[in-house]
Amino acid sequence: MHTIDLVILFCFILTLVESFPSSTEPPYSVFGRQNKVRPRFRRRELVQEEVRKTMLTYMTSLKGEITDVVLEEMIDYYNSQTSKLYRLEKELSSLKNSSLPTLQNGTTMNDLIMRLSKQQRSFASNISSMEYKIKNLTNILNDLLNELQKPVQHVRRLISIKKDFDDNEIPIDCDDIFRQQSPVVSQGIYRIKPRLSSESFDVQCIFENNTGWTVIQRRMNGTIDFYRGWDDYKNGFGDLRTEFWLGNEKIHQLTNQGQYILHVDITPWDSSMRTAEYEKFALDNENENYKLQISQYQSAISTAGDSLSSPWDNANGASFSTFDRDHDNLFYDNCALTYHGAWWFTSCFQSHLNGAYVRSPLALQNTARNGLHWNTYALYHSMKESTIRIRRKHTSETSEALAI
Ligand SMILES: [Ca+2]
């Protein structure tokens with residue numbers, strides 16, 4: 001109800017009150033009697049007072065009603081605004097979602113991004129964890145490798161010690177073998193390693209008179225061809241069980257680790273063995289063409305004569321020659337080629353035990369110029385056998401020799 005409507009109602013009630021007769025006077029007395037006006041006026045004031053009281057009460061209640069209405073309207077408005085806000089938010093959310101592409105299963109890209117972000121964070125966490133584990137494993141592996149290095153280094157030390165021990169144990173020549181294994185040693189093939197040699201190698205050993213001889217050349221049946229070039233004579237060839245040349249390099253290594261004695265055994269086709277021994281024998285290195293160092297012929301014990309260092313044809317200081325390395329003294333001839341062999345040729349030789357193997361009876365004829373010769377025994381007779389061996393001379397032997 002509006003305020004204007006209430007004012008009109010109030011005026012209408014007042015009009016009704018003014019026209020009403022007194023309640024104590026019958027209605028007909030209003031028209032006919034003037035001496036009765038004062039009592040009627042008094043009742044009208046009382047009625048007006050009653051109306052005012054009633055209106056005040058009514059307005060007060062109306063005011064309360066208006067207040068409640070306003071509150072209700074405000075609550076309604078709040079509720080409506082809240083609803084609108086909720087709808088708006090819903091619409092906005094819907095609008096936001098609807099603005100993104102929707103996947104086939106109904107999930108939005110936003111959800112997918114959220115899940116992917118979550119998975120990405122999880123994946124990053126896993127990666128960090130894996131990196132930490134890998135770092136730990138790396139440290140463990142490094143520790144293990146360090147631990148493994150210890151036994152490896154230990155084994156290497158053992159191998160090195162064993163090598164040194166072996167090197168010290170390997171004899172440097174046949175005399176060393178005799179002194180290590182005596183008295184059970186017997187003639188045969190043994191492994192030696194001269195001090196100047198980087199590798200060990202086999203040699204044939206002859207043991208006699210409490211010494212060991214290293215054989216450097218052997219001829220006995222002509223099974224091995226001795227007409228060979230420089231490299232073969234350098235490295236050696238043949239068979240240690242039959243015929244062979246040990247090799248100039250090995251002979252050089254042997255004869256430069258001490259003073260060596262040279263002993264030559266020659267056996268003619270028609271006679272017993274003869275010998276020639278020299279107290280000093282050595283070969284220079286290859287750069288010096290394995291030059292022969294020979295001296296101190298032992299005439300007292302030798303029966304073949306001196307065919308290496310005799311005054312009329314001294315091979316001491318002569319270079320080694322092969323048919324492909326002519327180091328002899330003849331500019332117009334190649335002794336190795338002419339006499340079918342290899343030796344410390346001079347002009348050309350007094351001895352030559354690497355020649356062709358000539359058999360009897362030709363060997364006994366002076367025409368066999370290319371055979372195995374030791375001219376101080378028999379001029380141009382070719383030998384049936386020859387053995388050239390060397391032995392290291394010990395300090396005690398030198399002292400004894402000086403004492404005598
Ligand atoms: Ca020549």
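Leaving out neighbours within four places in sequence, Phe-281 makes contact with Thr-255, Tyr-260, Ile-261, Leu-262, Gln-293, Ile-294 and Ile-390; two residues count as in contact if their C-beta atoms, placed from the backbone, lie within 7 Å. This is a predicted model, in which local features need pLDDT of at least 70 and side-chain atom pairs count only at pLDDT 80 or more, while totals for chains, interfaces and linings use all residues. Residues are numbered from 1 along each chain as its sequence is written.

Together with Cys-174, Leu-262 and Ile-390, Phe-281 touches the most other members of the largest nonpolar core, which has 51 residues. A nonpolar core is a set of buried Ala, Val, Leu, Ile, Met, Phe, Trp, Tyr and Cys residues joined through C-beta atoms within 7 Å. A residue is buried if 20 or more other C-beta atoms lie within 10 Å of its own, exposed if 12 or fewer, and partly exposed in between, with C-beta atoms placed from the backbone. In soluble globular proteins, nonpolar side chains tend to be buried together. Of the 404 residues in the protein, 25% are buried.

The secondary structure comes to 8 helices and 13 strands. Helices (H or I, at least four residues) and strands (E, at least two) are DSSP runs, numbered from the N terminus. In helix H4 (residues 174-181), the buried residues are Cys-174, Asp-175, Ile-177 and Phe-178. These residues lie on the same side of H4 because they cover an arc of only 155° around the axis, the arc being that of the directions from the helix axis to the C-beta atoms. Strand E1 (188-192), E2, E3 and strand E13 (385-392) are among what covers them.

The loops hold several local features. Asn-210, in the loop between strand E2 (201-208) and strand E3 (211-219), has a positive phi of about 60° although it is not a glycine. With 10 C-beta neighbours inside 10 Å, Asn-210 counts as exposed. His-340, also not a glycine, has a positive phi of about 55° and is found in the loop between H7 and E11. His-340 counts as partly exposed, with 17 C-beta neighbours inside 10 Å.

Two cis peptide bonds can be described as well. One runs from Ser-347 to Cys-348, with omega near 0°, and Cys-348 is in the loop between helix H7 (335-338) and strand E11 (351-352). Another joins Ser-360 and Pro-361, with omega about 10°; Pro-361 is in the loop between E11 and strand E12 (373-374).

Thr-322 lies in the loop between strand E10 (313-314) and H7. With 24 other C-beta atoms within 10 Å, Thr-322 is buried. Beyond four places in sequence, its contacts are Arg-228, Gly-229, Trp-230, Tyr-233, Ala-336 and Ala-342. Thr-322 and Cys-335 are 13 residues apart in sequence, and their C-alpha atoms are 8.3 Å apart in space.

Across the protein, residues 24 or more positions apart account for 48% of the contacts with a separation of 6 or more. The mean pLDDT, the predictor's confidence in each residue from 0 to 100, is 82, and 76% of the residues reach 70 or more. Over residues 1-37 the pLDDT is below 50, and this stretch has 20 contacts in the model beyond near neighbours in sequence. Residues 400-404 stay under 50 too, with 0 contacts beyond four places in sequence. Where pLDDT is low, the predicted coordinates should not be read in detail.
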